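This report describes selected features of one protein model. Please keep the sequence and the structure in view while reading.

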Amino acid sequence: MNNMYFNEEHEVFRKSFRDFLQKEVTPYINEWEETGKIDRSIWKKFGEMGYFGLNYPEEYGGLELDIFYTIIFLEELQKINSGGFAAAMWAHAYLAMTHVSHEGDDRIKTEYLTPSILGEKIGCLCITEPFAGSDVAGIKTTAVKKGDTYVLNGSKTFITNGVYSDYLVVAAKTDVEAKNKGISIFIVDRATKGISATKLNKLGWRASDTGEIAFDNVVIPAQNLMGEEGKGFPYIMSHFALERLVMGVNAHARAEYALDYAINYISERKAFGKTLDKFQALRHKIAELASEVEMCKEFNYSIAKRLSEGQYIVKEASMSKLLSTKMADKVIYECLQLLGGYGYMEDYPMARLLRDSRLGPIGGGTSEILKEIIAKIVIDKKEYKPSTS
């Protein structure tokens with residue numbers, strides 16, 4: 001383990017979290033993958049253990065621990081072989097809750113952040129729309145102010161926790177003429193009249209509920225606006241760095257898991273009188289893959305440290321997601337090959353890993369969009385600046 005980033009307390013936490021997952025989650029993963037619904041009780045168990053509050057203020061029930069506890073949380077979630085379960089947990093803790101913590105006022109934090117930390121309320125972040133994915137400025141959902149309320153109309157899609165969550169953090173246009181300067185962020189109770197959700201049928205991430213959500217004249221209190229009206233775009237952009245780093249860390253962790261599994265497999269499987277790990281072609285393949293995993297992992301740790309020091313890492317986080325997710329797809333594809341016919345069997349972990357990993361270069365900003373963002377920074381010398389609020 002890299003002692004430059006992790007100390008003894010981190011390792012104690014890693015072991016206890018790993019044990020918790022083995023006891024409370026792993027036995028039920030196949031069932032949740034089949035049904036597409038995670039038992040609500042597990043959220044409470046995560047909350048009781050403090051796992052949703054690692055990086056949140058003590059004032060609202062959090063633990064205010066350093067970023068490497070979050071890194072451990074993400075890594076270990078990837079090693080129980082359910083990208084869907086992992087996504088449900090981190091989308092709650094690092095997408096929805098991030099906005100509640102940063103843009104919510106004291107009332108909103110008390111009503112939503114504290115129960116989210118306790119696992120009593122589940123959140124989802126609603127930005128992507130049927131005709132506006134990576135292009136956030138192109139969203140069409142509107143929030144029209146009427147007296148002391150806003151009326152929401154529009155739709156969102158590909159929303160993790162979009163069906164079973166208790167509240168929604170919604171990006172909507174409060175000024176349709178102002179392009180990205182007309183976006184605002186709201187918190188919306190699931191029980192509010194006019195909200196409907198449809199569960200989507202996915203290639204991977206089968207355990208999580210990914211939804212398409214419709215808002216039909218949804219009336220919400222004006223006080224459910226988070227932060228300032230019209231500041232939604234910079235709020236979203238400022239949190240994208242964390243989301244992209246999360247997905248980069250997830251990628252190196254699942255690649256590491258696949259590689260460890262494949263190494264163990266070829267050390268036991270025999271062909272022509274010797275174990276597969278004695279064949280040079282396979283040994284060198286493993287050496288190459290392990291090197292790529294390690295390069296991404298070290299880069300991700302270094303930018304996590306910079307993020308924790310308050311640096312604005314939009315370029316580096318975009319690079320992390322771009323290269324780590326590409327690497328994970330490659331490593332898992334090659335590891336499946338190392339298992340031969342067994343790699344293609346659903347009883348072995350690699351088939352699910354391959355399906356789950358494929359979402360990496362798509363979700364949270366496609367690789368194509370990330371390349372353009374990086375090109376603007378590197379070639380055009382564009383400077384992205386953090387939100388001032």
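## A buried residue before the first helix

Y5 counts as buried because its relative accessibility is 8%; buried means under 20% relative accessible area, exposed over 50%, and partly exposed in between, with a 1.4 Å probe and protein chains only. Y5 belongs to the segment before α1 (8–24). Helices (H or I, at least four residues) and strands (E, at least two) are DSSP runs, numbered from the N terminus. Between the C-alpha atoms of Y5 and L113, which are 108 residues apart along the chain, the separation is 28 Å.

## Basis of the model

The model is predicted, so local features need pLDDT of at least 70 and side-chain atom pairs count only at pLDDT 80 or more, whereas totals for chains, interfaces and linings use all residues. Residues are numbered from 1 along each chain as its sequence is written, and side-chain values use heavy atoms, with hydrogens and water left out.

## An exposed loop residue

A191 sits in the loop between β5 (183–189) and β6 (195–199). A191 counts as exposed because its relative accessibility is 76%.

Helix α9 covers residues 314–338, and its 25 residues should span 36 Å at 1.5 Å a residue; the expected span is 1.5 Å times one less than the number of residues. The end C-alpha atoms of α9 are 36 Å apart, which agrees. Of the 25 residues of α9, 18 are buried, so the helix is mostly covered.

Just after α9, G340 has a positive phi of about 60°. Y344 lies in the loop between α9 and α10 (349–357), and Y344 is exposed, with a relative accessible area of 68%.

## The largest pocket

What is the volume of the largest pocket? It is about 800 Å³. On a 1 Å grid over the protein atoms alone, a pocket is an open set of points where a 1.4 Å probe fits, with protein on both sides within 12 Å along at least five of seven lines; lining residues have an atom within 4 Å of a point. The volume is the space filled by probe spheres set on the points, which are joined across faces, edges and corners.

The largest pocket is lined by 29 residues, and the closest to its centre are F158, L359, I362, G363 and G364. Two or more lining residues come from each of α5 (83–103), β3 (149–160) and α7 (232–268). With four residues, α7 gives the most to this lining.
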